[in-house]
Amino acid sequence: MDGSKNGFVPHGKHLIAGEWVAAETTFRSEPAHGAAHDYGVGTPALVNAAVGAAEEAFWTYGYSDIETRARFLEAIADEIEARAEAITEIGT
């Protein structure tokens, strides 16, 4: 699978606090079938940035009401279900 079927083509960046952050180094995948892609290497600095962003997001999301959180989680579930076939293909 080349990624274009599901609309996403890996680009070697990490999504941290809503922004795509380039990694210092990348590695190339070696799939059993389909196109290979470059992925960003997760460094301790990138992990720390992501954890810091998650902690900051908690103050908004963590204290939101249950209905808001339920709608958010349902939206995520809907997106996963819409991409179930592609996710399964990528995973295998």
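Colleague: Where does Phe 72 lie?
Modeller: Phe 72 sits in helix α2. Keep in mind that this is a predicted model.

Colleague: Is Phe 72 buried, exposed or partly exposed?
Modeller: Partly exposed, as its relative accessible area is 44%.

Colleague: Which residues make the nonpolar surface patch?
Modeller: Tyr 61, Phe 72, Leu 73, Ile 76, Ile 80 and Ile 87. The patch covers about 540 Å².

Colleague: And which helix gives the most to it?
Modeller: Helix α2, residues 66-82, with four residues.

Colleague: Switching to Ser 64. Where is that found?
Modeller: In the loop between α1 (44-61) and α2.

Colleague: Buried or exposed?
Modeller: Ser 64 is buried, because its relative accessible area is 16% and the cut-off is under 20%.

Colleague: What does the Ser 64 side chain reach?
Modeller: The backbone oxygen of Tyr 61, at 2.6 Å. Tyr 61 is also one of the patch residues.

Colleague: Now the whole chain. In what order do the elements run?
Modeller: β-β-β-β-α-α-α, starting from the N terminus. The radius of gyration is 16 Å, well over the 12 Å from the globule rule for 92 residues, so the chain is more spread out than a compact globule. The C-alpha trace spans about 45 × 35 × 20 Å along its principal axes.

Colleague: How many of the 92 residues count as buried?
Modeller: 13% of them.

Notes
Residues numbered from 1 in each chain as written. Predicted model: local features only at pLDDT ≥ 70, side-chain atom pairs only at ≥ 80, totals over all residues. Heavy atoms only, no water. Patch = residues over 30% accessible without salt bridge, like charges linked within 9 Å, V, L, I, M, F, W, Y side chains within 5 Å. Areas by Shrake-Rupley, 256 points an atom, 1.4 Å probe, with all protein chains shown as cover. Salt bridge = Lys/Arg side-chain N within 4 Å of Asp/Glu carboxyl O. Helix = DSSP H or I, 4+ residues; strand = E, 2+ residues; numbered from the N terminus. Buried < 20%, exposed > 50% of the residue type's maximum accessible area, 1.4 Å probe, protein only. Polar contact = N/O pair within 3.5 Å; in protein donor to acceptor, adjacent residues only side chain to side chain. Rg over C-alpha atoms; globule rule 2.2 N^0.38 Å.
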